[in-house]
Each structure stands twice: as structure tokens, then as C-alpha cells.
Amino acid sequence: MLAQEKPCGVLWGKKQAERLMSRQVCGLIDAVVIDLDNNRDKVRAIMDVTRQVKLGRNFLIFPEGGYTDNKNELQEFQAGCFSCSLQTKTPIVPIALFDSYKSMNSNTFERVDTQVHFLKPILYSEYGELKKKEVAELVKSRIEERMAQIKAGKINESYELIG
């Protein structure tokens, strides 16, 4: 979030948002909290994000739908979170997070270096004709490609802006 030029919102899973530190951050950034176990709440949250994006606010959305001890392996992307991009016709900026699971799944105050890579934006002209699931696959493939480069030692700079 600190690498963004202007403040942005976050679509945050309810379970994560209820953690002590997360709860405080959610309040400060006016996050949209989504209950992934409630279909009605999913629709409400995506509609809220869509409304705010139409008003010019940027959002961080974690399409995996949660935080796990994933060892830098992407999980299945929830296609529904791409509805707001399709409706607002805004660019999608894939972000590859490397080693973020270490800080999210530990009970220590040890320093953890997490790499954040902003990839080339995907414009509406590139994804506008795709279905939500296809958009999810496109975004995931771009992030997987970058993760493979990081794991191979070809890239190791944090906050790298490509494009």
C-alpha cells in the first residue's frame, strides 16, 4: 500500500479483517470487508468496490480470497472479484507478492522481507471480451510468470514497476 501514489482501498476477507492489527488497518483505510462464506455478502462487497472504483478510488484485491501458508504458490483465483474491473473498464495491475505468507502466518516480530512487484497493467482493450474466469486466468498467469522468475533468481528487486 505504501508504494501507491494515492491512497487505495482494500477488499479484505472477513477472517483476516478480524485479526487485531488488521482490524485497525481496515478502519484507517476504509477497507471493504467481504464474508467469503456468504454469497449475498460477496455480491454486496463487489458492488461496493465497483461503486468506489467508478468514483476514482483504486483498490487492492486479493483474488485468492484469503491468506494461507502457501510457500509462494498461487492458489485458485476467485473469478467474481474481476466483475468490478469488467464493469468499470479500468486497468488491472497484477501484483506479485513474494514471501508475504511469512509475515501473515507467523507469531513473531522478526523482520520479514517481502518482495512486491507491480506488473504491466492489463488494459480493458486486452481483457474486455473475456469472461470473468478467463480474466482471472490471464491475471494469474502473469503473476505466475513473475513468481517463476523470482524463484529462479532472475529478479529480486522489491517494488519493481514494470511497464
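**Sheet, loop and aromatic pair**

Guide: In this predicted model, helix α3 (residues 39-54) lies across β1, β2 and β3 and runs at about 160° to β2.

Visitor: In what order do the strands of the open sheet stand, and with what pairing?

Guide: The open sheet has three strands. β2 (32-34) and β3 (58-61) each have a single partner strand, so they stand at the edges. The pairing is parallel, and the order is β2-β1-β3.

Visitor: Which residue in β2 is the bridge partner of leucine 11?

Guide: Strand β1 (residues 8-13) pairs with β2 in the parallel sense over three bridges. In β2, the bridge partner of leucine 11 is valine 32.

Visitor: Is aspartate 99 buried or exposed?

Guide: Aspartate 99 is placed in the loop between β4 (95-98) and α5 (100-104). Leaving aside neighbours within four places in sequence, aspartate 99 is in contact with Asn72, Val112, Asp113 and Thr114. The relative accessible area of aspartate 99 is 13%. Buried means under 20%, so aspartate 99 is buried.

Visitor: Is the aromatic pair of tyrosine 124 and tyrosine 127 stacked or edge-to-face?

Guide: The structure holds one aromatic pair. The ring centres of tyrosine 124 and tyrosine 127 are 5.3 Å apart and the ring planes stand at 85°. Planes over 60 degrees apart count as edge-to-face, so this pair is edge-to-face.

Definitions and conventions:
Residues numbered from 1 in each chain as written. Predicted model: local features only at pLDDT ≥ 70, side-chain atom pairs only at ≥ 80, totals over all residues. Heavy atoms only, no water. Phe/Tyr/Trp six-rings, centres within 6.5 Å; stacked < 30°, edge-to-face > 60°. Helix = DSSP H or I, 4+ residues; strand = E, 2+ residues; numbered from the N terminus. Buried < 20%, exposed > 50% of the residue type's maximum accessible area, 1.4 Å probe, protein only. Contact = heavy atoms within 4.5 Å. Pairing = 2+ DSSP bridges. Axes fitted to C-alpha atoms, helices over the stretch in contact; angles between N-to-C directions.
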